[in-house]
Amino acid sequence: MSVLPEAWPDTYGDEAKPRMGFFTDTSICIGCKACEVACKEWNAIPEDGLVWTGESYDNTSELGANSWRHVAFVEQRKPLKVDGGGDTAELDAEPLRWLMSSDVCKHCTHAGCLDVCPTGSLFRTEFGTVVVQEDICNGCGYCVPACPFGVLDKRHLPRAPGDEPLALPVLGKKEDGRVWKCTLCYDRLKGGHEPACAKACPTKSIQFGPLDELRERADKRLEKLTIEGWNGAQLYGRDPEDGVGGFGAFFLLLDEPEVYGLPPDPAVPTKNLAEMWVNTAVAAAATLVVAALAVLGGRE
Amino acid sequence: MTTEMQSYYGRPIVKEPVWQPEIPFYFFFGGIAGASAVLHLGARLTGNRTLARRTLFIGAAADVVGPALLISDLGRPERFLNMLRVFKVTSPMSVGSWTLFISGGASNTAAVLELLGKLKSVKVAAEIVSAAAGPPLTTYTGTLIADTAIPVWHEGRHELPWLFGASALASAGAAAAMSVPSADAGPARRLAIGGVVAELGLMEAMQHRLGFVGEVYKQGDAGRYGRISKLCTATGAALLATLGKRSRAAAIGGGALVLAGELALRWSVFRAGFQSARDPRYVVIPQRERKARV
């Protein structure tokens with residue numbers, strides 16, 4: 001008998017479904033942000049401030065409680081193709097490319113947020129995705145720093161633009177206080193539909209489907225781009241052996257992950273937890289020894 | 001080692017914690033509660049009644065303050081009972097909530113029975129349970145913050161439970177040394193001094209081992225709190241060691257300095273996590289090196 005508790009998909013028995021996910025092919029992203037808008041509309045996500053960052057066309061800046069898709073824009077003095085060619089570069093003496101990438105929750109195989117959630121609010125669905133049950137979340141905030149990608153955040157509501165956050169909780173007037181993130185449109189999946197962002201994507205940069213199929217498709221796409229000599233083409237989160245056991249939502253990038261604000265070698269913090277618990281227990285035992293020595297040293 | 005790297009407009013990769021000031025205060029009070037329970041049992045076993053009584057009340061009070069701080073920090077305080085909805089060994093916060101629940105229940109039961117002078121056998125059982133829950137209560141908080149993607153916390157996972165354990169012993173010792181007559185306060189003073197020495201050594205060792213990632217301990221708020229902490233704990237421990245036995249005033253002053261220093265230590269570690277999250281270099285550079293090694 002295994003000492004490990006039953007894991008997905010066995011926990012779902014007959015109700016288990018194939019693992020569903022996203023393959024975001026950034027080589028064909030045109031930066032239209034239809035995914036951001038569709039996500040906000042479908043999931044009724046509140047507005048969270050209108051600012052001009054001056055960072056290319058990106059005014060969303062990061063994923064958070066109120067942004068579950070985020071299109072990154074990178075302007076680079078780098079050629080599009082490894083041989084220095086490329087459509088844009090040929091028009092100009094200096095090479096230039098504009099990278100766009102729609103970021104989203106990775107729905108990790110080993111999800112730090114899910115592991116550390118003390119209430120069981122975060123759970124793995126029958127589709128293998130990771131979802132917050134908002135009727136259970138008590139806003140402890142542990143998942144926020146536990147995510148290696150900085151996806152989750154606490155929502156502060158209701159707030160008029162420019163309002164300071166409430167210093168103290170006021171019953172009935174409280175800010176939302178719970179954490180929010182991409183659900184991979186769990187409600188739409190239940191109804192047999194694809195997530196809102198994938199549905200709205202006009203170039204099929206965001207592809208939704210069974211993860212196995214997406215991985216095959218991504219491998220073929222990378223092969224094609226490599227043959228065509230695209231500069232920096234690489235799959236990110238495709239490898240089931242990486243620090244989070246592979247992403248449920250993975251990417252084809254045209255530069256290193258950190259260029260898009262992504263960690264180059266993410267690892268789930270609970271990877272080392274067994275060793276950490278042993279260390280915690282030994283340290284606890286050591287406090288007993290120190291206290292015993294202090295007491296045995298005499299009364300005065 | 002290179003400190004040059006690419007980033008997305010210099011933006012952070014991991015999120016800063018959303019925890020409020022309640023959390024470092026909780027680490028401090030939770031530590032006092034856990035370590036007081038241990039000191040209490042030791043005093044009881046060696047027949048030091050004065051010390052036993054005071055440490056019991058100090059521990060019980062800290063065991064009430066701790067959960068109150070935690071509940072206040074929640075985004076939805078009215079849902080605090082959801083913490084006991086499941087038990088998850090993968091969540092140090094879940095394990096900690098149960099430990100705190102058991103510790104607080106036991107220490108307060110014992111304290112009430114001590115005041116009432118009733119049900120001696122139940123009181124002894126509660127004291128034993130409290131002393132058993134105490135040690136993990138002092139160390140789990142180190143693992144709680146280490147079990148995150150914050151570089152300076154996660155990479156400090158080897159030392160943090162030891163550091164927080166030592167800090168808790170120092171705090172509980174100092175609190176007891178302040179409230180017990182010098183003639184009965186020997187164990188408390190020694191615990192405070194020993195805790196401070198261990199904590200200072202562990203903090204140095206951790207920062208040394210962390211290297212580049214640990215440099216946040218020298219900067220900003222973390223650096224400021226760290227310097228205050230060292231100054232207070234070292235002076236307080238020295239005062240307790242030299243005059244603490246003879247002078248009640250020195251015991252109170254020294255104990256207060258140690259307490260202030262240990263509180264500052266929790267704040268230093270807490271703020272270091274925010275500073276570490278804010279700068280993507282601490283995420284990217286170690287991960288790049290890890291990839292290069294494979």
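Me: How many residues of chain A are in contact with chain B, and with how many residues of chain B?
Reply: Happy to start there, with the reminder that this is a predicted model. Contacts between the two chains involve residues from both sides, and the tally is 58 residues of chain A with 69 residues of chain B.

Me: Which element gives the largest share of the side of chain A that touches chain B?
Reply: Good one to look at on screen. The elements that give two or more residues to this side are helix H3 (112-116), H4, strand E6 (153-154) and helix H8 (273-296) of chain A. By residue type, the side divides into 30 nonpolar, 17 polar and 11 charged. The largest share, 15 residues, comes from H8(A).

Me: Is Cys137(A) buried or exposed?
Reply: Cys137(A) sits in the loop between strand E5 (130-132) and helix H4 (143-146) of chain A. Within 10 Å there are 26 other C-beta atoms, and the cut-off for this class is 20 or more. Because of that count, Cys137(A) is buried.

Me: What distance separates the C-alpha atoms of Cys137(A) and Gly177(A)?
Reply: Beyond four places in sequence, Cys137(A) is in contact with Thr119(A), Ser121(A), Val132(A), Arg178(A) and Val179(A). Gly177(A) lies 40 residues from Cys137(A) along the chain, and their C-alpha atoms are separated by 9.0 Å.

Me: In what order do the four strands of the open sheet in chain A run?
Reply: Start at the edges, where strand E8 (206-210) and strand E9 (234-236) of chain A each pair on one side only. Strand E1 (residues 20-25) and strand E10 (residues 249-253) of chain A pair in the parallel sense over four bridges, although the pairing of the sheet is mixed. The order is E8-E1-E10-E9.

Me: Which residue of E10(A) is the bridge partner of Phe23(A)?
Reply: Strands E1 and E10 of chain A are joined by four bridges. Across to E10(A), the bridge partner of Phe23(A) is Phe250(A).

Me: Which helix lies across E1, E8, E9 and E10 of chain A?
Reply: Follow E8(A) and look for a helix running at about 135° to this strand. The one lying across these strands spans residues 211-227 of chain A, and is helix H7.

Me: How many residues are in the largest nonpolar core?
Reply: Residues of both chains touch the most other members, namely Cys113(A), Cys143(A), Ile32(B), Ala176(B), Ala177(B) and Ala192(B). Beyond four places in sequence, Ala192(B) touches residues including Ala170(B), Leu240(B) and Val258(B). In soluble globular proteins, nonpolar side chains tend to be buried together. Here the number of residues in the core is 175.

Key:
Residues are numbered from 1 along each chain as its sequence is written. Chains are lettered from A and ligands numbered from 1 in the order in which they are written. This is a predicted model: local features need pLDDT of at least 70, side-chain atom pairs count only at pLDDT 80 or more; totals for chains, interfaces and linings use all residues. A residue is buried if 20 or more other C-beta atoms lie within 10 Å of its own, exposed if 12 or fewer, and partly exposed in between; C-beta atoms are placed from the backbone. Two residues are in contact if their C-beta atoms, placed from the backbone, lie within 7 Å. A nonpolar core is a set of buried Ala, Val, Leu, Ile, Met, Phe, Trp, Tyr and Cys residues joined through C-beta atoms within 7 Å. Two strands pair if DSSP finds at least two bridges between them. Axes are lines fitted to C-alpha atoms, for helices over the stretch in contact, and angles run from 0 to 180 degrees between N-to-C directions. Ala, Val, Leu, Ile, Met, Phe, Trp, Tyr, Cys and Pro count as nonpolar, Asp, Glu, Lys and Arg as charged, and the others, Gly among them, as polar.
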